[in-house]
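Please walk through the model below in the order of the text, from one chain as a whole down to single residues and then out to the interface.

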Amino acid sequence: MEPRGLPRLLMHLGNGLVILFIMLPIVAVLVGSLQSERTLQGESRRVIPSEWTLDNFTVILTQGQQRGRIFEQATYLPDNIKSFYRAFANSLVVALGVTMLTVGFGALSAYTVARLRLRWALWLMQANVVARFLPAIVLMIPLYVVVRSLGQLNTLHAVILTETGFLLPYAIVILVPFFANIPVDLEDAARVDGCTRFQAFWRIVLPLSTSGLSACAVIMFIISWHELLIPLILNSRPEFMTLPVIVASLVGDVHVFFNLLMAICLLSLLPTVVLVALLQRYVVEGLSAGAVKG
Amino acid sequence: MTAADAAIAARRGRRATGELSPHALGVAMNLPTICLLLLVLAYPVAYAGYLSLHQVGIAQLRRGVFPWNNWANYTRLFEDPLFALALKNTIIFTLLVVVVEVILAIGIALLLNRASLWTSRLARLLILIPYGVPPITNGLIWSFMYSFQFGFLNRILFSLGLIDDPVNWAGNPDTALYAVAVAYIWRTLPFAVLIIHAALQGIPRELYEAATVDGANAWQRFRAITLPLLAPVIVVILVLRTSFAFAVFEEILAITQGGPGDATFVAAWYSYKLTFSPPNNIGMGAASAYVLAILVGLFAIAYVRLIYRRIG
């Protein structure tokens, strides 16, 4: 069944096009971030600039302290670019908090769905599947009004709680098939030996599902790292902005040119792209588990 | 109660060991989830319905009093030509994204499945990269790709000698929605490819071998074996992507902000602008978001019916 001759050539060609399509924006963000505004504007018909520079990254990573050659004469740098580290730390706190809460609460719920054979647990599962489709904007309008009236705008915990509520249904959907795949006999044996159900869950099911829990955790971290709408609406003060909010705030700022934009884009995509590359197996497992069974 | 449960209960007397009944344990273990879902999902959905039926603006927010306004938010919504346009754009965008994505995903998954080709193995290594790119970052990268004067796409086409004048990809009302769709497809394609690829690997090789022995050609094998066996995951992808594409937001924000003119005004962008930019018509924003949610909800219910048909 091995393709030979022309079909084989066409397949190589198809793969080449796929690779080209995937890599094109990645090449664009690299080339764009490694040159100056001068070459970007002056050589607007060239793909490869005549000069390369790291100044875009220097100015972001030193928070505007070291301007480098290409920003020497710049009088204006947006404040949000200067608060890169703060935003990075906020993103990290939010993503880690959301990951821990969703995986923790999700595991407890997923176990009841997978094992306890309760009619209402199945309803809860169906509600979860439906909840996954709710457009975020529907919830953000009332949540904005509620969080505002509670005086909790511009806090990280409101963002963490909201994102956890949003992602919890997906976490449960991902975890259920992993738990369901663990042989019931192991638990039954433990319970015959005197374990309670909860102990069986804690000592047997959880340790045996580390790959499922890791898969779920990686996906939760990636999605919460990417989340824009929730922190955008709840947090408007710079000290509480996350990285995607900083990136969004630069849209339409006419004083920021593509070289600096692409540099901050590269910095904001690097953590999760590296995560996806390193933990590909878990991402694949988690996404498949979350899609096929529901 | 299964035989195993009965055996366990018989062996050591359930009550004597102090073990919770399945119902009590189920409630206890679901308590955090239920509380959070009530707080962050159920209550806001109900409250959005309340807001959508009342006059809510910044002035009302300050006073904390939302006067009833007799369905005016909805009547004004359905009289607003921009809302009709936003819905139309959303539907065009969604149809385009879903159809293109499913066809591409099947083709690419079949290609990646050829493990004997080194290009297939390379593509399989790279295919997940877009999944790691934050949506808003993706939008901004594509706005650089599409830029009229300085864009990366035009640079490539100039270098190859394919164009003499720059093309205004995202700034032309006729192409802007398609430009956003391409950016969106780039980010969301890996998921679809991955799911179909996983399903392909579950198809037994013997089926193909038997069909080949019977004289079926490649197309016949695809039609008779591959496609029917992929049908369940294709449906999953169709429904998931339809629901999510209906609420597209980040790429619109980064690439076109609804423009040029209102060529890329989509439903989520309409709700966002109405609510969060002056004059902050929160009531009507909630009404428009509700309409969007109901449309998406119909898909979601169909999806759950489909998945749980056997159990239910």
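Among contacts in chain A between residues at least 6 apart in sequence, 73% join residues at least 24 apart; two residues are in contact if their C-beta atoms, placed from the backbone, lie within 7 Å. This is a predicted model, in which local features need pLDDT of at least 70, side-chain atom pairs count only at pLDDT 80 or more, and totals for chains, interfaces and linings use all residues. Residues are numbered from 1 along each chain as its sequence is written, while chains are lettered from A and ligands numbered from 1 in the order in which they are written.

Chain A has 15 helices and zero strands. Helices (H or I, at least four residues) and strands (E, at least two) are DSSP runs, numbered from the N terminus. The C-alpha trace of chain A spans about 75 × 70 × 30 Å along its principal axes. Of its 294 residues, 50% count as buried. A residue is buried if 20 or more other C-beta atoms lie within 10 Å of its own, exposed if 12 or fewer, and partly exposed in between, with C-beta atoms placed from the backbone.

Chain A is assigned domain 1 (5-80) and domain 2 (83-255 + 265-292), with bounds that come from an automatic or database domain assignment. The C-alpha centres of domain 1 of chain A and domain 2 of chain A are 32 Å apart. Nine residues from domain 1 of chain A and 13 residues from domain 2 of chain A take part in the contact. On the side of domain 1 of chain A that touches domain 2 of chain A, the elements that give two or more residues are helix H1 (5-33) and helix H4 (79-82) of chain A. H1(A) gives the most to that side, with three residues. By class, this side of domain 1 of chain A has five nonpolar, three polar and one charged residues. Here Ala, Val, Leu, Ile, Met, Phe, Trp, Tyr, Cys and Pro count as nonpolar, Asp, Glu, Lys and Arg as charged, and the others, Gly among them, as polar.

H11(A) is mostly covered, with 14 of its 17 residues buried.

A:Cys216 lies in helix H11 of chain A. It counts as buried because 30 other C-beta atoms lie within 10 Å. Leaving out residues up to four places away in sequence, A:Cys216 touches A:Val103, A:Gly106, A:Ala171, A:Ile174, A:Leu175 and A:Gly286. A:Cys216 and A:Ile174 are 42 residues apart in sequence, yet 6.4 Å apart in space, C-alpha to C-alpha.

A:Ile246 is placed in helix H13 (residues 243-249) of chain A. Is A:Ile246 buried or exposed? A:Ile246 is buried, because it has 26 C-beta neighbours inside 10 Å. Not counting residues up to four places away in sequence, A:Ile246 touches A:Asn80, A:Ala87 and A:Met241. The C-alpha atoms of A:Ile246 and A:Gly68, 178 residues apart along the chain, are separated by 22 Å.

Some loops deserve a look at their backbone angles. A:Arg117, in the loop between helix H5 (84-115) and helix H6 (119-131) of chain A, has a positive phi of about 50° although it is not a glycine. A:Arg117 is partly exposed because it has 14 C-beta neighbours inside 10 Å.

In chain B, the peptide bond from B:Pro278 to B:Pro279 is cis, with omega near 5°. B:Pro279 is found in the loop between helix H13 (267-276) and helix H14 (282-307) of chain B. B:Asn280 is also found in the loop between H13 and H14 of chain B. B:Asn280 has a positive phi of about 50° and is not a glycine; with 17 other C-beta atoms within 10 Å, it is partly exposed.

Between the chains, 95 residues of chain B are in contact with 90 residues of chain A. Helix H2 (residues 22-52) of chain B supplies the largest share of the side of chain B that touches chain A, 18 residues. That side of chain B divides into 70 nonpolar, 19 polar and six charged residues.

As for confidence, the predictor gives the complex an ipTM of 0.92 and a pTM of 0.91. The mean pLDDT of chain B is 86, and 92% of its residues reach 70 or more; pLDDT is the predictor's confidence in each residue, from 0 to 100. Among the elements of chain B, helix H7 (residues 135-146) of chain B has the highest mean pLDDT (94) and helix H1 (residues 3-12) of chain B the lowest (60).
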